[in-house]
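Good morning. I will go through one structure today, a few details at a time. Please have a look at it before I start.

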Amino acid sequence: MASRPAILGWLLFDWACQPFFTLVTTFVFAPYFAASLAPDPVTGQSLWGYATAAAGFALAILSPVLGSVADATGPKKPWIAACGLALFVASFALWYAAPGAPHAIATALVGFAFATIAVEVAAVFNNAMIPHLVPPDRYGRLSGTGWAIGYLGGLISLVIVLGFLAADAGSGRTVLGFTPLFGLDPVLREGDRVTGPFSALWFLVFVLPLFLFTPDIARSKLRFGEAVRQGLAQVRSTLEDARRHEGVLRFLIANMVYQDALVALFAFGGIYGAGVFGWQATELGLFGILLTITGTAGALIGGRLDDRFGAKPVILGAILVLALVCVGVLSLGREHVLFVIPTAPSAPDGGLYDSAPEKLFVLLGLVIGAVAGPLQASSRSMLARLVPAREAGRYFGLLALSGKVTSFLAPLAVALATAIFRTQAAGPAVLILFLLAGFALLSGVKKA
């Protein structure tokens, strides 16, 4: 078992990455893009879906190849450093996606897509270090703790941005009632756009303990060019070998389906709130804070349940809950709940989440947070138990492949359904099908 500083360095990788997902992908930049940068929220949801789909397609190609090459070369930190540099540059570019600026929409979509690719590929190499840090009976706790620390980092970053940087354009004040720091202009949405540079700097600072304290995997005796050729040759053999490890192939297919739905669910959560209920920075920010709190608790509890009962029951339970949540979201509108029950609309001078549909949407969001962490943490701990430790890199590359090879499909399906039916309610309906298919596939995995 590795030393405490080594494990802490590994855990802080999730802390370093999470602000990008919390601030850019979900709660601040994505809703800003859909509600203020795109021509209208429906078009914004469609465009964001296409960008998410493009990033997923690229990840499907890159992840298994780079994972196999990293296994052949040995060390994982150089690959994490290269991905971190790409993440830094792409995230910084989001600052230039200003309202009315030339090519602002393209800048936002391209920067978001490249940053997503970089952070997800870096996670492949970080995940491959799990079997070298703790024994198998601690995989669940280590993975769950990592997710919980990541959620906590996302929560703190969200409080910083909404409390001190991002202000309402009307009042000029942040959620905490302050004038934005550094003279950030609310009218130009600089508080929303600063989430890109903020996430980049956060990653740069907090990934350093991984490089300083966590031991890397020993370098291969092969020359770099030979290792790359060997790694590329292993991609096909990895797919073939997966069939020989009990449950691995079926698990990877199931992961492909339910992770696809989860990616889309997070990508469109804030956009849905902004488009359906007209939420602004205050409502979206508080929603994100509450969701992140339940996510932190859920990841910690899920990791312990994983070690006690196994990863499979945790994943299956999380999938069922998410499917029910999607049904609940589908049943909501501005003036109704449960499809047909009418409710009073939100009053112009009402408080936060004053209508019944908004309250129920917040409640469903809290449930999403509580189960999303265990779902993702138990997925990587399950694979770590199923495959040999010496081959973790290529299999985690395959895990990323299974999570991304069709990760463009659910966002694309949401984007197309939204564009065709001209309603944001099309999103949850599509995701229910993905979640149920993932549940059925994972149920057939015998070893967990």
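In which hand, left or right, does H6 pass H8 at their crossing? The crossing is right-handed. Before I go on, please keep in mind that this is a predicted model.

Let me stay with that pair of helices. Two packed helices are described by the angle between their axes and the distance between the axes. Helix H6 covers residues 139-165 and helix H8 covers residues 195-206. Their axes are 12 Å apart, and the packing angle is about 140 degrees. That angle makes H6 oblique to H8, because only angles over 145 degrees count as roughly antiparallel.

Which residues make the contact? On the H6 side they are Gly153, Ile156, Ser157, Ile160, Val161 and Leu165. On the H8 side they are Thr195, Phe198 and Trp202. Sorted by class, the contact of H6 with H8 has six nonpolar residues, three polar ones and no charged ones.

Now a second pair, H2 and H5. Helix H2 is residues 29-37, and helix H5 is residues 104-127. The axes of H2 and H5 come within 12 Å and cross at roughly 155 degrees. H2 and H5 are therefore roughly antiparallel to each other, since the angle needed for that is over 145 degrees. What is the hand of this crossing, left or right? For H2 and H5 it is left-handed.

The residues that meet here are Phe29, Phe33 and Leu37 from H2, and Ala104, Ile105, Ala108 and Leu109 from H5. By class, the contact of H2 with H5 has seven nonpolar residues, no polar ones and no charged ones.

Next, the backbone. His103 has a phi near 60 degrees, which is a positive value in a residue other than glycine. His103 sits in the loop between helix H4, residues 77-93, and helix H5. Is His103 buried or exposed? Its relative accessible area is 63%, so His103 is exposed; the cut-off for that word is over 50%.

Arg189 also has a positive phi, near 55 degrees, and it too is a residue other than glycine. Its place is the loop between H6 and helix H7, the latter being residues 190-193. Arg189 has 18% relative accessibility and so counts as buried, because the limit for buried is under 20%.

Arg189 brings me to the salt bridges. How many does a search of the whole structure find? The search finds two. In one of them, Arg189 pairs with Asp192, and the closest N and O atoms are 2.7 Å apart. Both Arg189 and Asp192 are buried.

The other salt bridge joins Arg193 to Glu190, with the closest N and O atoms 3.9 Å apart. Arg193 and Glu190 both belong to helix H7, where they are three residues apart, or about one turn of the helix. Both of these residues, Arg193 and Glu190, are buried as well.

Asp14 is in helix H1, which runs over residues 4-27. Asp14 has a relative accessible area of 10%, so it is buried. Which residues does Asp14 touch, leaving out those up to four places away in sequence? Asp14 touches Gly146, Trp147, Gly150 and Arg380.

That is the end of my part. Thank you.

Technical notes: Residues numbered from 1 in each chain as written. Predicted model: local features only at pLDDT ≥ 70, side-chain atom pairs only at ≥ 80, totals over all residues. Heavy atoms only, no water. Axes fitted to C-alpha atoms, helices over the stretch in contact; angles between N-to-C directions. Helix = DSSP H or I, 4+ residues; strand = E, 2+ residues; numbered from the N terminus. Parallel < 35°, antiparallel > 145°, perpendicular 65-115°, else oblique. Left-handed = near helix turned anticlockwise from the far one by under 90°. Contact = heavy atoms within 4.5 Å. Nonpolar A, V, L, I, M, F, W, Y, C, P; charged D, E, K, R; others polar. Buried < 20%, exposed > 50% of the residue type's maximum accessible area, 1.4 Å probe, protein only. Salt bridge = Lys/Arg side-chain N within 4 Å of Asp/Glu carboxyl O.
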